[in-house]
Amino acid sequence: MNTLRFLLGQELIELESVSPTLTVLNYLREEEKRIGTKEGCAEGDCGACTVVIAEVVDDRLHYRAVNACIVFLATLDGKQLLTVEDLKTARNELHPVQQSMVESHASQCGFCTPGFVMSGFAEYQNRLHTLDDLPEPQSDEAATTHLTQVFAGNLCRCTGYGPIIEAGKSWLNQADKTNQQAMTEAEAKVIAQLKAIQPQVSKTLIQAGQTYIQPNTIPALADALAKTPGATLLAGGTDIGLWVTKQHRALDTVIYLGGIQALKRIEVRDGQLEIGAAVTYSEALPVLIRHFPWLEEYLYRHSSTQIRNSGTVVGNIANGSPIGDMPPVLIALNAEITLTRQGGQRHLPLEDYFIAYGKQDRQPTEFIECVRIPLLNSDSVLMNVYKISKRFEQDISSVSAAFYIELDDQQQVQVARLCFGGMAATPKRATHCEQALLNKPWTEATVHAAAERLGVDFTPLSDFRASREYRLAVAANLLKKFFIQQQKPNQATQISYTGGLIHA
Amino acid sequence: MHEPIHGITVNQIRADHVNSGVGASVKHDSAIKHVSGEALYTDDLSEPRDLLHIYIAQSTQAHAKILRLDLDAVKAYPGVMAVIQASDVPGKNDFGAVIEGDPIFADGLVEYVGQSLFAVAAEHIDIARKAAALAQIEYEPLPALITVRDALASDSFVLPSKTFRRGEPEAHLAQAKHRLQGEIKIGGQDHYYLESNIALALSGEDGDLKIFSSTQHPTEIQHCCARVLGVPDHAINVEVRRMGGGFGGKESQPALFASIAALVTHHTGRPSKLRLDRDDDMTITGKRHDYLIRYDVGFDGQGRIQAIAFEAASRCGMSADLSGSINDRTMFHLDNAYYLEHVSIVSHRCKTHTVSNTAFRGFGGPQGMVAIERVIDEIAYQVGKDPLDVRKINFYGPADDPAGRNVTPYFMTVTDNILPEIISELETTADYTARRAQIMQFNRENTYLKKGLSLTPVKFGISFTATHLNQAGALMHIYSDGSIHLNHGGTEMGQGLFTKVAQIVAEEFQVEIDRIKITATTTDKVPNTSPTAASSGCDLNGQAARNAALILKGRLTEFAAEHYSVDAATIRFTAEGVIVGDKLIAFNALIQKAYFARISLSTTGFYSTPKIHFNAESGKGHPFFYFAYGAAVSEVTVDTLTGEYKVDRVDIVHDCGASINPAIDTGQVEGGFIQGMGWLTTEELVYDECGVLRTHAPSTYKIPACGDRPRIMNIQLRCDPNREESVYRSKAVGEPPLMLGISVFNALNDAVASLADYGRHPQIDAPATPERVLMACAKLRERECKPDQALTHA
């Protein structure tokens with residue numbers, strides 16, 4: 001019952017005892033001697049350790065590239081782990097992704113290469129089997145954009161990426177041309193094997209005084225947390241992984257949310273989009289973009305494929321970071337969270353969750369079950385979001401901003417919710433600035449006067465990401481940009497992470 | 001054994017050239033191993049029994065006396081097998097590459113945050129790390145100099161300042177029609193090789209050590225470990241098959257880690273491994289030097305420079321390391337491609353209480369070139385001309401220039417200047433003039449987004465400026481089955497050196513490259529090697545290997561001539577086999593015959609670069625064998641409300657001489673450009689006032705990602721044969737392309753300058769982070785509001 005079971009390639013691995021904080025990377029390199037997977041940074045930023053996790057979704061295998069350095073081994077229960085060693089065929093032939101890389105001279109020192117190969121492999125496999133309509137023959141431009149998303153989480157210091165993109169165009173094309181919706185025989189076998197090891201009950205694994213609990217229902221989670229108040233709640237691990245690899249913290253009790261189907265819900269109910277605590281960014285992304293199209297640019301800049309494949313929207317809230325990118329957006333959208341504990345539940349405006357730096361309104365026995373976002377259904381709502389960072393991709397914001405404005409018939413501001421990240425110790429609304437907008441005509445003069453008030457709302461820090469002066473200047477300029485974009489939709493006002501110009 | 005094969009006569013032989021010889025785009029020899037994860041890096045080698053893992057305890061102070069270092073609790077921690085500190089070093093407690101001053105372990109004094117204090121060895125790295133934290137350390141803080149300005153204010157230098165001087169710069173500055181003065185701060189750069197530093201030490205008989213190190217300089221590791229242990233050089237053997245990137249960062253500094261592993265193995269008799277995690281690597285090891293460069297230039301109405309004075313000060317950190325040569329190279333490249341008639345170049349090598357900065361692709365040259373390219377742009381804005389026109393009238397003249405505008409500030413005559421041809425080609429292919437007009441129009445029509453364009457040239461001197469390093473050796477065996485074992489002193493860090501050298505050998509023997517076994521660099525095969533650096537890897541080792549091949553080819557030819565009684569001059573090695581008289585003999589067959597005839601099939605090869613000399617006292621000489629040239633045009637778009645930007649298009653023409661491998665050379669050009677772009681844009685090293693590096697991992701230090709690559713990137717190699725007799729008339733290509741990235745930096749400045757109608761230069765310091773760009777926009781806009789305020793460049 002309390003056994004961790006997963007497939008390593010085709011081999012079933014069963015472990016009765018495992019440290020809750022053993023990373024997949026250390027397991028692979030130290031215990032399995034699979035040394036093709038490299039450590040580049042141990043914080044999920046460089047992608048050299050990229051491996052692929054295959055899971056059964058709707059009776060099919062779905063492949064996800066993740067950073068092995070910050071994924072804990074115990075979370076692989078019931079899944080298949082694939083590494084670069086698994087890619088060659090039995091006849092020692094290279095996988096098309098590998099072969100394309102060779103043909104395009106896409107490796108120099110080669111240390112990042114297995115990571116790129118695995119990112120490409122996940123994309124290739126999913127594309128090969130996609131049930132969606134085959135994409136139109138992609139333009140060169142569109143293929144480059146797509147590959148940039150696929151590889152945003154893989155750093156290469158040698159090639160300048162050109163040959164990797166070229167290789168990518170070749171294997172993308174190959175996957176599309178050989179598209180075979182059905183799973184292969186080998187994959188069907190894996191599906192059967194995985195089905196046989198799907199966890200049916202809650203599990204507890206203990207090693208050397210550390211406990212890993214994997215509840216499989218919400219009540220079981222509430223029970224577990226009631227018994228071990230303050231235990232570490234683990235969802236995607238994109239933050240907690242760093243507690244272990246960077247801060248070298250020992251975590252006594254870890255409770256994993258990923259085994260609870262009920263927390264993987266993402267659905268619209270009563271005009272609100274509800275996102276469960278175990279929903280990853282990758283799962284949420286298409287739904288979020290469908291309801292909030294202006295989020296697309298923001299979400300692709302927010303994180304890499306590997307991080308979106310692990311990290312959860314609720315995790316981005318729960319950890320209370322002042323520079324998490326989703327809270328400002330969700331606060332501007334007036335989102336609410338549900339906090340659940342054994343025998344009870346409460347609802348809280350997200351804004352009220354953040355009390356001070358490192359302090360949130362959550363009791364040691366509570367967990368965030370879901371976040372609920374009111375859908376926008378009025379033409380009188382103006383909204384946009386902005387993320388500012390040194391690098392477009394995979395960078396922590398120096399400032400993030402989300403602006404929600406409702407106008408009345410006379411173009412007077414009725415509601416203003418302007419929320420910023422990176423400007424204070426918590427994600428915070430600019431209340432003075434909002435006041436300066438309320439009941440005023442939506443004009444340049446109003447906006448400029450309101451932007452002046454940001455200096456009253458915020459006293460940001462200077463650090464290695466940005467100075468106080470820059471943060472204040474950018475925050476004010478973003479509000480101005482927001483106004484310009486509403487007023488002059490034909491004017492190019494923004495640079496896309498894909499390199500194009502954005503006209504609002 | 002076998003007589004002529006194929007049954008064909010010589011007349012029928014196709015004149016085929018071997019497929020994988022010189023000039024072919026042969027794949028990197030490890031390409032398949034890279035993609036399959038089978039390429040072994042040092043951390044991937046099978047771990048020996050009893051292996052100990054080592055953690056280095058680091059100083060938390062930038063400058064302090066160590067009053068007490070109590071390691072009792074560290075030693076007592078369960079699982080700790082050894083704790084090593086300064087007093088445990090049997091030989092010299094120093095790993096300084098050229099000059100002493102880099103203690104292996106601090107001895108009473110620390111001079112940077114991250115400096116090694118002691119090392120802990122245990123069976124797992126977690127144990128060693130935990131134990132290290134238990135040390136009781138008492139410091140007495142001393143005043144710390146962190147920045148270049150701090151050091152200049154305190155006259156704190158690691159080496160004496162140097163000057164190049166020609167003509168009468170002061171007098172001509174005073175007389176010049178136009179004059180401007182300014183300064184630019186140029187940030188450093190972390191190498192961010194994907195594989196962090198690592199060493200693995202194994203003990204053998206007699207206390208001898210075998211060390212695997214991720215290093216560009218195995219000989220330095222060997223000599224350093226021998227010094228540290230107090231044993232002869234022959235007791236240490238160092239091996240490196242490949243590195244996961246080097247970029248100069250693994251030239252001098254891996255000696256620290258190899259030395260510590262050697263010490264642990266020496267003391268315990270057990271194998272030991274020291275692998276740094278990313279944060280420790282970035283904290284403990286040096287980076288590209290950051291600079292403060294002041295300039296004072298006089299020029300005429302056309303923008304022609306009449307006199308210029310530079311004062312360049314770099315942050316060397318706590319020791320000299322390679323800073324002498326690095327700063328020399330800055331001095332050698334402050335002219336970049338321009339003739340500076342009356343010139344003075346002063347170089348200060350500042351000592352600060354920060355990590356000792358070190359080699360990085362370009363080796364001080366790029367910083368000098370950034371400065372002169374800034375000056376050229378400022379001149380252009382001042383005289384109201386397109387910067388490209390100002391560049392052109394300042395370029396070095398041809399070899400026979402009647403005006404003598406072809407002598408560098410160090411009195412070397414430039415005889416191989418092909419920049420005019422390169423620029424002309426690039427102007428056409430990049431459509432420079434038309435795009436300049438389009439950009440001006442875009443900027444008139446757009447209020448918030450602005451575009452910039454810049455064409456910058458590169459002229460980079462090839463050779464180590466320390467003349468003695470310009471030598472290389474190779475070792476070659478041909479086994480009796482005809483397979484060839486190739487070894488040389490160069491190291492493989494991804495640049496494709498092993499492939500290119502193997503191509504040269506394949507070319508000489510006219511055999512396919514798969515017959516040649518490329519082997520790891522080891523100090524017991526080729527001794528006293530130079531670092532694989534200064535872009536010289538192929539020039540030196542390729543020529544040494546070629547010389548070895550020529551020796552063996554000579555012996556085989558002599559043998560065949562005698563054996564078959566033909567004139568040696570008529571014997572030819574071809575892709576089909578060796579033509580001896582009217583016979584065609586398979587290479588294998590000839591080798592077997594030679595073996596039975598007791599001909600030696602093994603040799604060394606050696607090469608030393610001709611023509612080079614330099615007198616450091618007079619600042620005169622011929623330090624470079626030749627120059628490599630190139631130029632790039634970059635177009636950028638800047639968001640003037642946030643400072644964010646994208647590089648939209650880049651066109652490059654780069655000189656590789658007669659390329660040995662165009663695919664590999666193109667890879668160097670492209671990768672070098674992106675790395676140079678990263679240095680000058682998003683890669684920002686931030687030290688706080690206590691000297692703590694705050695950007696020590698990819699979460700905080702941003703090298704270019706996939707999406708930063710310009711969407712349009714046209715790279716053209718210019719493959720004119722080198723005018724000097726380099727190996728197969730090729731040219732070095734490792735470093736020069738990095739400096740093509742300067743075009744991005746200047747284009748960003750150009751975009752911002754549009755805010756003030758190009759009347760003023762925005763003077764953005766490097767790196768041009770979005771913050772610096774926005775602040776420059778604000779500055780220009782402010783000034784624009786007060787048009788009557790005179791512009792001062794002081």
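In this predicted model, the centres of domain 1 of chain B and domain 3 of chain B, taken over C-alpha atoms, are separated by 39 Å. The domain bounds come from an automatic or database domain assignment, and in chain B they give domain 1 (10-39 + 471-608), domain 2 (48-142 + 193-284) and domain 3 (413-464 + 625-794). Residues are numbered from 1 along each chain as its sequence is written, while chains are lettered from A and ligands numbered from 1 in the order in which they are written. As the model is predicted, local features need pLDDT of at least 70 and side-chain atom pairs count only at pLDDT 80 or more, whereas totals for chains, interfaces and linings use all residues.

Two residues are in contact if their C-beta atoms, placed from the backbone, lie within 7 Å. By that rule, 22 residues of domain 1 of chain B are in contact with 19 residues of domain 3 of chain B. On the domain 1 side, the elements that give two or more residues are α14 (497-509) and α15 (537-564) of chain B, and the largest share, six residues, comes from α15(B). Here helices (H or I, at least four residues) and strands (E, at least two) are DSSP runs, numbered from the N terminus.

In chain A the assignment gives domain 1 (96-177), domain 2 (215-377) and domain 3 (381-503). The centres of domain 2 of chain A and domain 3 of chain A, taken over C-alpha atoms, are separated by 25 Å, and their contact takes 25 residues from domain 2 and 28 residues from domain 3. The largest share of the domain 2 side, six residues, comes from α10(A).

The two chains also meet, with 70 residues of chain B in contact with 66 residues of chain A. To the side of chain B that touches chain A, α17(B) gives the most, with seven residues.

The table sorts three of these sides by residue class, where Ala, Val, Leu, Ile, Met, Phe, Trp, Tyr, Cys and Pro count as nonpolar, Asp, Glu, Lys and Arg as charged, and the others, Gly among them, as polar.

| Side | Touches | Residues by class |
|---|---|---|
| Domain 1 of chain B | Domain 3 of chain B | six nonpolar, 13 polar and three charged residues |
| Chain B | Chain A | 28 nonpolar, 23 polar and 19 charged residues |
| Domain 2 of chain A | Domain 3 of chain A | 16 nonpolar, five polar and four charged residues |

Within chain B, helix α10 (residues 365-383) and helix α18 (residues 742-753) pack at an angle of about 30 degrees, with their axes 10 Å apart. Axes are lines fitted to C-alpha atoms, for helices over the stretch in contact, and angles run from 0 to 180 degrees between N-to-C directions. The angle makes α10(B) roughly parallel to α18(B), since angles under 35 degrees count as roughly parallel, over 145 as roughly antiparallel, 65 to 115 as roughly perpendicular and the rest as oblique. Among the residues that make this contact are Met369(B) and Val370(B) of α10(B), together with Ile742(B) and Phe745(B) of α18(B).

The peptide bond from Ala766(B) to Pro767(B) is cis, with omega near 0 degrees, and Pro767(B) lies in the loop between α18 and α19 of chain B. His105(A), found in the loop between α2 (96-103) and α3 (113-128) of chain A, has a phi near 55 degrees, a positive value in a residue other than glycine. Most residues other than glycine have a negative phi, and most peptide bonds are trans.
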